[in-house]
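Hello,

Here is the structure I promised to pass on. Please open it first, then read the notes below.

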Amino acid sequence: MRHFRSFSILIFVALAISTSALGQSRKIEQRVDSLLKQMTLEEKIGQLTQYAGDNQATGPVNFKGDHLALIKSGKIGSMLSIMGTKYTRQYQEAAMQSRLKIPLLFGLDVIHGYKTTFPIPLAEAASWDIGLIERSARIAAIEASASGIHWTFAPMVDIGRDPRWGRVMEGAGEDPYLASRIAFARVRGFQGTGLGNLDSVMACAKHFTAYGAAVGGRDYNSVDMSLPQLWDIYLPPFKAAVDAGAATFMNSFNDLNGVPATGNHYLQREILKDRWNFQGFIVSDWGSIGEMVPHGYAADRKDAALKAILAGNDMDMESSAYRFALAELVNEKKVPMAVVDEAVRRILRKKFELGLFDDPFRYSDPEREGRELNNPEHRDFAREIARKSIVLLKNDKQTLPLSKNVRSIAFIGPNVKAERDNHGFWSVHLPNLDYDKFIVSQWEGVRSKVSGETKMVYAQGCDVDCRTTDGFAEAVEAAKLSDVVVLSVGERANMSGEAKSRSNIHLPGKQEELIKAVVATGKPVVVLINAGRPLVFDWTADNVPAIVYTWWLGTEAGNAIADVLFGDYNPSGKLPMTFPRSEGQIPIYYNHFNTGRPARDEDANNYVSAYIDLKNSPKFPFGFGLSYTDFKYADLKLDRSQIRPDGKIGVTFELTNTGKVAGEEVVQLYLHDRVGSLVRPVKELKDFQKVKLGPGETKRLSFTIDKEKLSFFNGDLQWVAEPGEFEIMIGSSSADIRLRDKFELVK
Ligand code: NOJ
């Protein structure tokens, strides 16, 4: 009886909340209606117009004008890259001088933290820790909102199968399932318990879509792709973002099958707004409306504005196309007023939901800003997520962890003392912040970890570009004088990111020669690789006993790396992208088709799908990452061998930590649909768990398989599960399957 009563109370509370939410949203629609009625066409177009603050360009600037004057006359509805309560207040005050006093929206690329920076998103994805990733977005939102920001242009949810493309650093890697889980978490993290709560910012799922499949990995390049591939691989993370309630979407620079995404009716209206019933608004990417002219899809800016708005693009970032052409298009009846109204409504709705009409300055409280931007908990968290993002790629002869009492360490390489670089690309450039003092460098992290007696010797060896060997002798000398060598190499932070495609993704310059010279001393060597993408480092992978992939880890990089090097944290990261042996294998991804002539590495010359000069297998596979302990997988059990479309299969197995230290394992469940109306990938990740086990501990783990996990988009783009046999594979990486079985889907 008591249960029944509390259950009824719960239902009553849930109903009350949803009724009040409904009432709230009705009220907002009425307020939008009444505002729209008062607005001139010019004011409406103002709401669809966005510009960046002076000197804050993240793209080519085509318009340099008096933004404040335009804001006062109601011609700008949103600014990007204005940050800090002082500046946002100043701009908002200008908006309050406009006729209708419609508040501005402040957007910013808050990609991986705000003042406290977290690992680059690709690195966070390597943690496979969904709760932590959500928390990272949450803290970024807390800091950004305290600093006047209403809206982040994140998460970037583009699938990345091509490490030449510099923007893989911003995404969650190559897998649609992992990326969807992360997209959902990031949106939830940014938006918290809902817009209107002061510590939430609007999320923006970008770039819609298929931007990551740019031909040749060259940024902004064209994409040509089948629709089943689009639906199966590239769209799922965007759908997950919609499901999580993403307030906004950004379209992309690329054309998809000949139609620029910004002017793409199919993507924006048919899929996003109609089929997925997305209620938020779509912002163009920087200048992407105007770029439909060089694409050859629009004759001029006016034509571009016409195509963009009809295709469903609501806000114009930096093209000035709506500002200069939309009124004429409406007057000429080429664009119905209803289309403009719909776009304006979507934007105003969000301004109401954020509470900006009730208090336009509610995000501009300097006291809160000071408090949140210096919150020590945020730093503690930065260290936690940074160490969980590190991937241990090799650890022969238990080279790691190192002893804190080691007598001497040579710490060599271009990235040892890097400071700002540790923030990674797309970190926020706050005015007046002494960044270099805010970061923990690798040198500092290690210094504060080892005993006071430990002698640390530094040699740079060369800078990141490593064009000369001039500093190698000093590095070799330092190595000879020490018991152990840690070599920190890799990219500079700005070698990945937007417009940072590389045709050659080897370690830059002569870095690998530096490694060879140091290894030749015979000392134990640990290599740290800092990068925003998978790199190629074949010789190092084959000859150096210990390799740690550190990506760019943010504010607490040095401490997190030291935690892993000295065993205070047992590494648990797994690669969210395949690492190729050479650029010639790209694009490379684990969930490929089998082909009619599948190859194994050993039979490349035998009329099979292979290279005659290179293996097919990657250097390091998707899902791979080592630990200081080992895990045993055993006793796989399926509770049935047949499943009906409305049924479920329970899967259980035992995981044991067979080593001497506690550790976390990411157990991965893959499925293979053996025969399909379209060929299916050799395996697809369908679930995973990150499990912590003490030494010697065993746990029985379980997964559930249902129709959802068996479905794909068929040739008619229907989401179907086709009857037939499926293989189930459970393992420690996509290439290290420990348990297998099969089952059948019956009608
Ligand atoms: C261009 C980038 O493609 C996009 O991701 C970013 O949000 C905008 N610039 C604004 O900085």
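**The ligand and its surroundings**

The side chain of Thr-58 has an N or O atom 2.5 Å from an oxygen atom of the ligand. Keep in mind that this is a predicted model. For Lys-206, the distance from a side-chain N or O atom to an oxygen of the ligand is 2.8 Å.

How much of the ligand does the protein bury? Taken alone, the ligand exposes 300 Å², and the protein buries 100% of that. The ligand sits in the largest cavity.

Now the shell. There are 13 residues around the ligand. Thr-58, Asp-109, Arg-167, His-207 and Asp-285 come nearest. By class, the shell holds six nonpolar, two polar and five charged residues.

**Aromatic pairs**

Away from the ligand notes, I also looked at the rings. The count comes to 35 aromatic pairs. One of them joins Tyr-590 and Phe-622. Their ring centres are 4.6 Å apart, with 10° between the planes. That angle is under 30 degrees, so the pair counts as stacked.

Where do the two residues lie? Both Tyr-590 and Phe-622 are in the loop between helix H22 (557-565) and strand S17 (631-638). The pair therefore ties together parts that are 32 residues apart in sequence.

Best wishes

Note on methods
Residues are numbered from 1 along each chain as its sequence is written. This is a predicted model: local features need pLDDT of at least 70, side-chain atom pairs count only at pLDDT 80 or more; totals for chains, interfaces and linings use all residues. Side-chain values use heavy atoms; hydrogens and water are left out. A residue is near a molecule or strand if one of its heavy atoms lies within 4 Å of it. A polar contact is a pair of N or O atoms within 3.5 Å; within protein, one must be able to donate a hydrogen and the other to accept it, and residues adjacent in sequence count only if both atoms are side-chain atoms. Accessible areas come from the Shrake-Rupley method with a 1.4 Å probe; for residues, only the protein chains shown count as cover. On a 1 Å grid over the protein atoms alone, a cavity is a set of points where a 1.4 Å probe fits but cannot get out, and a pocket is an open set with protein on both sides within 12 Å along at least five of seven lines; lining residues have an atom within 4 Å of a point. A molecule sits in a cavity or pocket if more than half of its atoms lie within 2 Å of its grid points. Ala, Val, Leu, Ile, Met, Phe, Trp, Tyr, Cys and Pro count as nonpolar, Asp, Glu, Lys and Arg as charged, and the others, Gly among them, as polar. Rings of Phe, Tyr and Trp (its six-membered ring) pair if their centres lie within 6.5 Å; planes under 30 degrees apart count as stacked, over 60 as edge-to-face and the rest as tilted. Helices (H or I, at least four residues) and strands (E, at least two) are DSSP runs, numbered from the N terminus.
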